[in-house]
Structures are given as structure tokens and as C-alpha cells.
Amino acid sequence: METQTRTALVAGASGLVGGFLLDALLEDQRYREVHSLGRRPLPRQHPKLVQHTVDFARLGDEALPPAQDAFCTLGTTIKKAGSQEAFRAVDHDAVLAFASAAKKAGVRRLLVVTALGSNTRSRVFYNRVKGETEEALKAMGFESLVILQPSLLLGERAESRLGEHVAIIASRVLAPLLRPLASRPIEARTVARAMVSLAHTAPGGVRLAPSGELQELGR
């Protein structure tokens, strides 16, 4: 069995999916080091965890440690960001900055969380930006690129979003009635588990993993 031979880079570990992802990577014996990049340190310690405080807007100015795998769960909402421009700075610009820096660090496998419905031609700004991010990542030429497209994420967030909280409660109640599986809301923990699974099984090239597949992989 492959044991402690890989190094991972993680962007977005303070977020909903990112927190579960970090836990999973630290528990995975195939990784000897996990480097977390964020705007501020996380309130946790682990023998395998190395934290880096970075400005994603200037990430190109510094070299990241050599690694084989990179995981990106960066993301926000227009409401939280404050404007469409600020939203794009996170969900597009920061994601691409991290991907570019990771490639320079020797990363061969990049896994990134976008969203179900991502489309460069979408009339919905959120979905259009996600689609543009995906297309830009594809053009970077990673040996393996996995794009995870979850539906509505379920889980407790650090910040309170009343409208989203109500939607999540309703979604949990109605989830068994929703068909197909891809339409159901998905637990953030499930997405994180699927992400780690895909890091070990995804072939070369570009692979899209829609929400229904993530439900199965993350069980």
C-alpha cells in the first residue's frame, strides 16, 4: 500500500468543503505533508499540516513547496463578497492564481470545486463565472484536472445566512423526493470525501464530476 509518499496543496481550507477536505487529507496515510494556503492561519495544529498565509492576488510572487496534488475549494457568494467584481476576484482570479502557482510547484493533479450549472454562456452571473473558471483551468494543461460540480451544499457555516439556512432545512426534508440524484442537495463532507477519492483514482486529462457522481463517491 502506498504510504506517505505525496504532498498536497490546499486552498480554501477555512470554508465549508475545505474544512472537511483538510480533515480527510490529514487522516489519509498516503500524504506525508499537507500545505494549507489562506488569508489567515487556521486555529488548528497537526504534525502533517503546514500553514501559509498568502495574498491570492499576489500569489505569483512567491514559490509554493513542491507537491503532486492540489485541491481548491475557494469560493464565496456575491452577497458576502459585496459586488460582482469582488465575487469574481475570489471564484475566478484567486482560483486561477492558485492553479498557476501549483503548476509551477510541480503539481500534476488539480482538483477544484465549482458548481452544478457552470456554463460560460449562462445568463446567471454566478454560473457564468464558474464556467469561465473551468475553461481557463482546462487551458492550463494539467496532467489530470478534476472539476467537481456539486449542487446545493449542506453543512454548518461559520457565518449565518438566514435564507440559505431555511433552504438547507427544506432541502434536507425534501431530498428523498428529489430525482435524479444529481438534483439533491449534497453534504459538504460528502464532497470532500469524493474529492480525496478522485485524487487517487482519476485518470489523466479532464474529468467532470457532477453532483450525482459525488453523492456516490463520497458515501
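**Close-up views of a predicted model**

**View 1. Phe 98 sits buried in the structure, with a relative accessible area of 0%.** Here, buried means under 20% relative accessible area, with exposed over 50% and partly exposed in between (1.4 Å probe, protein chains only). This is a predicted model, in which local features need pLDDT of at least 70 and side-chain atom pairs count only at pLDDT 80 or more, while totals for chains, interfaces and linings use all residues. Residues are numbered from 1 along each chain as its sequence is written, and side-chain values use heavy atoms, leaving out hydrogens and water. You will find Phe 98 in helix α3 (residues 84-104); helices (H or I, at least four residues) and strands (E, at least two) are DSSP runs, numbered from the N terminus. Leaving aside residues up to four places away in sequence, the contacts of Phe 98 (heavy atoms within 4.5 Å) include Leu 9, Val 10, Ala 11, Phe 71 and Leu 110.

**View 2. Strand β1 (residues 6-11) is largely enclosed by the rest of the structure, because six of its six residues are buried.** In a regular strand, side chains alternate between the two faces of the sheet. Arg 6, Ala 8 and Val 10 are buried on one side of β1, and Thr 7, Leu 9 and Ala 11 are buried on the other. Six bridges link β1 in parallel to strand β2 (residues 31-38); strands count as paired if DSSP finds at least two bridges between them. Look for Leu 9 opposite His 35 of β2. β1 also runs parallel to strand β4 (residues 69-72), joined by four bridges, and there Val 10 has Phe 71 as its bridge partner.

**View 3. Seven strands form an open sheet with parallel pairing, in the order β3-β2-β1-β4-β5-β6-β9.** At the edges are β3 (49-53) and β9 (205-210), each pairing on one side only. β9 runs parallel to strand β6 (residues 144-149), with six bridges between them.

**View 4. The axes of helix α3 and helix α4 (residues 125-138) come within 10 Å and cross at roughly 15°.** That makes α3 roughly parallel to α4, a term for angles under 35 degrees, with over 145 roughly antiparallel, 65 to 115 roughly perpendicular and the rest oblique. Axes are lines fitted to C-alpha atoms, for helices over the stretch in contact, and angles run from 0 to 180 degrees between N-to-C directions. Among the residues making the contact are Phe 87, Val 95 and Ala 99 of α3 and Tyr 126, Val 129 and Leu 137 of α4.
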